[in-house]
Amino acid sequence: MIPFHHDHVGSLLRPANLTEAREQYKSGAITLEQLSKVENEEIIRVIDKQKQNGVLGVTDGEFRRSWWHFDFLGGLDGVEYYEKDTGLNFHKMETRKEGIRVTGNIDFSSHPFIAHFQFLNEHAGEAVAKQTIPSPNMLVYRVDQNEEIYPDREAFLQDTIAAYQKAIQAFYDAGCRYLQLDDTAWADLFSEEGHDKLRAKGLDPAEEMKIMQRMINESIANKPEDLVITMHICRGNYKSNFFASGGYDYASETIFGGLNVDGLFLEFDDERSGGFEPLKYVNRPGLKIVLGLITSKSGELEDKEKIKARIAEAAAYVPLEQLCLSPQCGFSSTEEGNILSEEEQWAKLRFVKEIADEIWT
């Protein structure tokens, strides 16, 4: 049953030879074909490594991406990936100076991610091939807008929804049955600091929460019945760092009672994420709650009994059979990766499976 009782968010640490090949390609030392050959070899390897470590829903590790979101968004019609003067502000650091901007009407006609998924699916074997993409909210809240092209925000929202409906159908037609929408926009609702950030842009947090809900529900409204769509809500993941804090309380009714996804991957690995009480708004027996209790930001393994106790605590709000376990985020949301070793990464995924097996089997 997707999502699985032991699952993972998607991105994996990039091997050194892949990082080197990407740098060689950027400098012109190798061709795109040569880079793709390295990517293909490493993706096949990491699919096998996931299987060896008990992963049931395998990804390509996001090995063909530089960013978890910009690569997909920049490939949409009417969106461009570009170098900026400033990066994104994370806790005590700034990211690379890159972003996306609107250059025309938003649409989805073709996208390299479709072929990327087909390669993953071809090599997944008996495992489920899981595709991750940024949620439509990431375009709405992270793109540099062009008011000449979109003087009316409603037209921009409608075009984004239509583009995502086409994208979801394209992934399904390519064989995808497990699709995850990754979303950091919700984190702007989790603290007063986040609310202030929205207000500084002339946006009202309560109204934006309705728009975030609408963007998800309308984008997935036409999804085929046998396509499972989950969403990962994140507070930032860059070199083991974060950009937001705060519990789910403010948006809890909307997230847990108002989104039509099949599962929610949620950060619960430290005090920045708040408690489990917001889960009381989960009102559908089919909605899976994936508890991100294992941090991907460091290599040290958690105390198993404490993790089990926290799962039991969450089960006071959501039936145990609706709960799952995973790391709180990916291990490499950008190509730089988090600060842990590859073996520590695999140990984390084995640890998730070990705990899940003891609880649910």
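This report describes selected helices, cysteines and loop residues of a predicted model.

Just after α2, Gly54 takes a positive phi of about 90°.

The buried residues of α2 are Leu35, Val38, Glu39, Glu42, Ile43, Val46, Ile47 and Gln50. An α-helix has 3.6 residues a turn, so residues three or four places apart point the same way. The partners against which the buried residues of α2 pack are α1 (16–27), β1 (57–58), α4 (112–123) and α11 (342–360).

## The packing of α6 and α8

Two packed helices are described by the angle between their axes and the distance between the axes. For helix α6 (residues 153–173) and helix α8 (residues 205–219), the angle is about 30° and the axes lie 8 Å apart, and α6 passes α8 in a right-handed crossing. On the α6 side, the contact is made by Arg153, Glu154, Leu157, Gln158, Thr160, Ile161, Tyr164, Gln165 and Ile168, while α8 contributes Glu208, Ile211, Arg214, Met215, Glu218 and Ser219. Sorted by class, the contact of α6 with α8 has six nonpolar, four polar and five charged residues.

## Cysteines without disulfides

A search of the whole structure finds zero disulfides. In the case of Cys324, the closest cysteine sulfur is that of Cys329, and because the two sulfurs are 17 Å apart, they are too far from each other for a bond. Cys329 is likewise in no disulfide, and its nearest cysteine sulfur, that of Cys234, is 3.6 Å away, whereas a disulfide would need the two sulfur atoms to be within 2.5 Å.

Cys324 counts as buried because its relative accessible area is 0%, and Cys329 is also buried, with a relative accessible area of 3%.

## The loop between β1 and α3

Trp68 lies in the loop between β1 and α3 (70–73), and the place of Glu62 is in the loop between β1 and α3 as well. Trp68 is buried, with a relative accessible area of 12%, and Glu62, at 3% relative accessibility, also counts as buried. The backbone of Glu62 has a positive phi of about 60°, although this residue is not a glycine.

Leaving aside its neighbours within four places in sequence, Trp68 is in contact with Glu62, Pro134, Met138, Asp182, Asp183, Thr184 and Ser333. Asn40, by comparison, is 28 residues from Trp68 in sequence, and the C-alpha atoms of Trp68 and Asn40 are 18 Å apart in space.

Although Lys97 and Thr86 are eleven residues apart in sequence, their C-alpha atoms are 4.9 Å apart in space.

The peptide bond that joins Ile2 and Pro3 is cis, with an omega of about -10°.

How values were computed. Residues numbered from 1 in each chain as written. Predicted model: local features only at pLDDT ≥ 70, side-chain atom pairs only at ≥ 80, totals over all residues. Heavy atoms only, no water. Buried < 20%, exposed > 50% of the residue type's maximum accessible area, 1.4 Å probe, protein only. Helix = DSSP H or I, 4+ residues; strand = E, 2+ residues; numbered from the N terminus. Contact = heavy atoms within 4.5 Å. Axes fitted to C-alpha atoms, helices over the stretch in contact; angles between N-to-C directions. Left-handed = near helix turned anticlockwise from the far one by under 90°. Nonpolar A, V, L, I, M, F, W, Y, C, P; charged D, E, K, R; others polar.
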